[in-house]
Amino acid sequence: MTLSVGQPVEDFSAEATGDTPFRLGDYRGKQVVIYFYPKDSTPGCTTEGGDFRDKIGEFEAANTIVFGVSRDGLKSHENFKAKQGFPFELISDRDEAVCRQFDVIKLKKMYGKEHLGVERSTFLIDADGKLAREWRGIKVPGHVDEVLEAARELNG
């Protein structure tokens, strides 16, 4: 099933930091930002997470909860979250089920070699559980501000 803007996002469960299993359906009535990033503790991923961290109060004011997702395990996530002071949970997707649901596993090139990896992407889900906006293949600078603006407009 392909995700489309305006369509309901299929409910899913996954392991998350904070000893709390994540279930999308638990957040009905709130907007949810799910951002996918390649790897804990790498420069771009640290910057992106820090940008969400620094704006978390503004997201909360817009009735929006933020979650980060990567294929790293919970121990790596807990360390990354603690070191960076992230006030939101990180979802561990070691089996790539969530990544596949959102179609963010893409063929990438690094040092001339091709491999499958997570394409940096963000999804905004409305309070009714429908996909409101998506950003794929994003660049980090300015991205969080764009997501925040969309969340505010949606919360209207």
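Two strands count as paired if DSSP finds at least two bridges between them. The structure described here is a predicted model. Its seven-stranded open sheet has the order β2-β1-β5-β4-β3-β8-β9, with mixed pairing. Helices α1 and α5 both lie across strands of this sheet, and an aromatic cluster includes Phe36, Phe67 and Phe123.

- β8 and β9 run antiparallel and are joined by five bridges.
- Within this pairing, Phe123 has Glu134 in β9 as its bridge partner.
- The hairpin of β8 and β9 has five residues between the strands, and Gly129 there takes a positive phi near 85°.

**Strand β3**

- β3 pairs with β4 in the parallel sense over six bridges, and with β8 in the antiparallel sense over five bridges.
- On the β4 side, Tyr35 stands opposite Gly68.
- On the β8 side, Ile34 has Phe123 as its bridge partner, and Phe36 stands opposite Ser121.
- Six of the six residues of β3 are buried.
- In a regular strand, side chains alternate between the two faces of the sheet.
- In β3, Gln31, Val33 and Tyr35 point one way, while Val32, Ile34 and Phe36 point the other way; all are buried.

**Helices on the sheet**

- α1 lies across β3, β4 and β8 and runs at about 165° to β3.
- α5 lies across β3, β4, β8 and β9 and runs at about 170° to β9.
- Helix α5 (residues 143-155) has 13 residues, which at 1.5 Å a residue should span 18 Å; its end C-alpha atoms are 19 Å apart, in agreement with that expectation.
- The buried residues in α5 include His143, Val144, Val147, Leu148, Ala150 and Ala151.
- Viewed down the axis of α5, its buried residues fall within an arc of 160°, so they line one face of the helix.
- These buried residues pack against strands β3 (31-36), β4 (64-70), β8 (121-125) and β9 (131-136), and also against helices α1 (43-54) and α2 (56-61).
- Just after α5, Gly156 takes a positive phi of about 30°.

**Aromatic pairs**

- With ring centres required to lie within 6.5 Å, the count comes to 15 aromatic pairs.
- Phe22 and Phe67 have ring centres 4.7 Å apart and planes at 70°, so this pair is edge-to-face.
- Phe22 is in strand β2 (residues 22-23) and Phe67 in strand β4; the pair links distant parts of the chain, 45 residues apart.
- Phe22 and Phe67 are both buried.
- For Phe102 and Phe123, the ring centres are 4.8 Å apart and the planes are at 55°, so this pair is tilted.
- Phe102 is in the loop between α4 (97-101) and β6 (105-110), and Phe123 is in strand β8, so the pair ties together parts 21 residues apart in sequence.
- Phe102 and Phe123 are both buried.
- One aromatic cluster is formed by Phe12, Phe22, Tyr27, Phe36, Phe67, Phe102 and Phe123.

Note on methods
Residues numbered from 1 in each chain as written. Predicted model: local features only at pLDDT ≥ 70, side-chain atom pairs only at ≥ 80, totals over all residues. Heavy atoms only, no water. Helix = DSSP H or I, 4+ residues; strand = E, 2+ residues; numbered from the N terminus. Expected span 1.5 Å × (residues − 1). Buried < 20%, exposed > 50% of the residue type's maximum accessible area, 1.4 Å probe, protein only. Arc of directions from axis to C-beta. Contact = heavy atoms within 4.5 Å. Phe/Tyr/Trp six-rings, centres within 6.5 Å; stacked < 30°, edge-to-face > 60°. Axes fitted to C-alpha atoms, helices over the stretch in contact; angles between N-to-C directions.
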